[in-house]
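Trainee: Could we go through this model together? I would like to discuss its strands, its surface and its backbone.

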Amino acid sequence: MSSLTPARTSAVVLAACAGVAFAAVPATAAQLPDGPALAKNLTKKVTANGINRQLIALQRIADRNGGTRAVGTPGYEQSVDYVAGKLRGAGFDVATPEFTYPVQVNDANSATVGQRVVDAFPLEESPQTPVGGVTGALVAIPQDATPGCEASDFAAGQVTGKIAVIRRGGCTFEVKSANAAAAGAVAVLIANNVDGPLTGVTLTNPGKVPTGGVSKADGDLLFTLGGQVATVDMRFHVVDKTARNVVAQTKTGRKDNVVMAGAHLDSVPEGPGINDNGTGSGALLETALQLGASPKVGNAVRFAWWGAEELGLVGSTEYVRSLSFEQQLDIALYLNFDMIGSPNAAYFVYDGDNSDGESGAAGPYGSAQIEAAFSGFLASQGVQTEGTAFDGRSDYGEFIAQGIPAGGLFTGAEGVKTDAQAQKWGGQAGKAYDPCYHSACDTLGNVDRVALDRNADALAWVVASYGISTEDINGVPPKTAKDKKAKAAKRAAAIDAQSRKAAVAPTTVPGASL
């Protein structure tokens, strides 16, 4: 059997599968492409049933702790203990390094219209209002499939000096807020599109104007009050708390050319986070357990489960920054798995070379090869993929900032599936990839297990392939039979030298006179 690097494997399968239609069969039933024996075996061993057991565990942990696994809660701490315990039981060297994360404590969180007062919670990375708030007329942005997602949603002068009310969905909170700010809004209120408050969410990057979240019911009210004067008062202070990541590494393989794979373990406060991100965490854990602590790899494999991702990628960022430059050099690449079983799933691969033109910049050298490895494997299973931008919304952020090549998989969050995507992948056009994104309904019933199984196969295949060789990423070749023979010869020579030394050593007879 020939042993291809992931990039070469991708080239073969992409050429063979060009134009292949979506295959409506589980990936495990399809023919695996040519590649390392370890990749074939690991892909077969990582099963949907095994991953589902991990999801059940995370759901039960949440159920026992108020329905959440958010960082700073007992549900998160028990999730850390569960993952670390499983890994230690499998023989891994496991660490749970602490990091400090900021907690936003609200001092004011209201929107007042006449005698009506509703809760308006400031998003992470939102600027605060001054004491007493900001005042302006409410402007209801039209509630189409992508509300507030295009600059054209804000007619010239429509929101200047006013407060924009925008429905959640169709694009990121950051895009909505930025578009409103560019049109002259003094504040933005984003109304939930599912029942419940809109808290524990982030703009990802520092916003331009105060931006808050309101519940679906309160949003419904505000949309009827367009033109009336409102005051938005959103102020907070920040306190520091500590939490833990989980990091485990194989005992075998080069320690100076590590293949690293990660997923965030925390949920938002509103729900158990089974798709976001139990799917990534569960698939990663099952892959680690099936790979084992001492696999026959050329490169060590390091697995990580991050905390406080939902508060701004804090756990992964602090981890990378805690490493010296030499320790960062030891990491050959980083693979990220965040939401890989969305119920109205897309099949996105991080766009390492910016060939789709969405991110504005390519990832560090090697990111394009990682993209090809994932898309190539999925193509071999009859699944077409699309690129998704390195937009800073998940834990690859600090890795690529430090020049470490990265890639990964994603099945979509609050974005809306297009007609073309529904024809290609199935599911419902015009609906969010995950209607329960950051909500209480992100439970065991919020997972497309076929998509999860396919993506887990790709995860296992690519992790194992790079565990054998990262030559296409950074020029480090795989261990060869010649290397193994030389190592065996060196060991035999050492044993022989020890035997010769023992043979010529003087014999001392007890009691003999000298």
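Predicted model: local features only at pLDDT ≥ 70, side-chain atom pairs only at ≥ 80, totals over all residues.

Trainee: How many bridges join β2 to β9?
Mentor: There are 15 bridges between strand β2 (residues 98-113) and strand β9 (residues 229-244), and the two run antiparallel. Strands here are DSSP runs of E with at least two residues, helices are runs of H or I with at least four, and both are numbered from the N terminus. Two strands pair if DSSP finds at least two bridges between them.

Trainee: Which residue is the bridge partner of E98 in β9?
Mentor: E98 has R244 as its bridge partner there.

Trainee: And what about β5 and β9?
Mentor: Strand β5 (residues 134-140) is antiparallel to β9, with four bridges joining them. In this case V134 is bridged to V232 of β9.

Trainee: Turning to the surface, which residues gather in the patch of positive charge?
Mentor: The patch consists of R53, R60, R64 and K86. Patch residues have over 30% relative accessible area and no salt bridge, with like charges joined within 9 Å and nonpolar side chains (Val, Leu, Ile, Met, Phe, Trp, Tyr) within 5 Å. A salt bridge would be a side-chain nitrogen of Lys or Arg within 4 Å of a carboxyl oxygen of Asp or Glu.

Trainee: Where is R60 found, and is it buried or exposed?
Mentor: R60 belongs to helix α3 (residues 48-63). R60 counts as exposed because its relative accessibility is 52%; exposed means over 50%, buried under 20%, and partly exposed in between, using a 1.4 Å probe and protein chains only.

Trainee: Now the backbone: which residues does the cis peptide bond join?
Mentor: The cis bond links D276 and N277, with omega about 10°. N277 is placed in helix α7 (residues 274-291).

Trainee: What is the phi of L313?
Mentor: The phi of L313 is near 60°, a positive value in a residue other than glycine. L313 sits in the loop between β12 (299-306) and α8 (314-322).

Trainee: Why does M339 count as buried?
Mentor: M339 counts as buried because its relative accessibility is 3%. M339 also has a positive phi, about 70°, although it is not a glycine, and lies in the loop between β13 (331-337) and β14 (348-350).

Terms used:
Residues numbered from 1 in each chain as written. Heavy atoms only, no water. Areas by Shrake-Rupley, 256 points an atom, 1.4 Å probe, with all protein chains shown as cover. Lys, Arg positive; Asp, Glu negative; His and termini not counted. Charge placed at Lys NZ, Arg CZ, Asp CG, Glu CD.
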